[in-house]
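Hi,

Here is the structure I promised to pass on.

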Amino acid sequence: MDRKEILRYLRTNTHTEDAAILALADEAAATVEKTAVPKTIYRIFDCTVTQDGVTIEGHLFPSCRLAQTVQGCRRIVVFAATLGIQTDRLIQSALMTDTAKAMAYQAAAAAKIEEVCDQLEDELRRTHGVQLRQRYSPGYFDLPITEQRALFRLMDITKRIGLTLTDTCEMVPTKSVTAFIGIEETV
């Protein structure tokens, strides 16, 4: 895990030489690495992009910004990734006894889930030989968080990797990501 990313998520100077902060970041990284049980799932779908959104399997995901992000794409990756419930438990347990450690675990877990997503993108590029656009998730800009429900149904996410949604469409475990990634069409 990249220490600078953990420091960035801690909202501290990424060039700090403060030994206590660096030790806290390193300990958090090591603990999260041991605790996390990453799981991912993805599927590639055909899609239709209009200026109002993206249609996949008959469902319109309404978002002008998502449509702009994947404009020109005829296929799209839909994926989910999670670090598992153990990471949530680690953070919650630390909150009871050591707020600084809990914040460091939170930052390390944020860096770790991004690392998992980046590795999934690398795998997609290698396995499918594709160019990918930027990730775009429900809750960003004008794509309502409630679209998580359709995404979860589309991918059967709960059954396949154990990720669930609350009534307000927050994911459990919390250190999880769902996203769309447009596939660049090569000529």
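Asp156 has a relative accessibility of 36%, so it counts as partly exposed (buried is under 20% relative accessible area, exposed over 50%, partly exposed in between, with a 1.4 Å probe and protein chains only). Its phi is positive, about 55°, although Asp156 is not a glycine. You'll find it in the loop between helix H6 (148–155) and helix H7 (157–161); helices (H or I, at least four residues) and strands (E, at least two) are DSSP runs numbered from the N terminus.

Before you go further: this is a predicted model, where local features need pLDDT of at least 70 and side-chain atom pairs count only at pLDDT 80 or more, while totals for chains, interfaces and linings use all residues. Residues are numbered from 1 along each chain as its sequence is written, and side-chain values use heavy atoms, with hydrogens and water left out.

Cys169 also has a positive phi, near 70°, but counts as buried because its relative accessibility is 1%. It sits in the loop between strand S7 (164–165) and S8. Then there is a cis peptide bond between Val172 and Pro173, with omega about 5°. Most peptide bonds are trans, and most residues other than glycine have a negative phi.

Cheers
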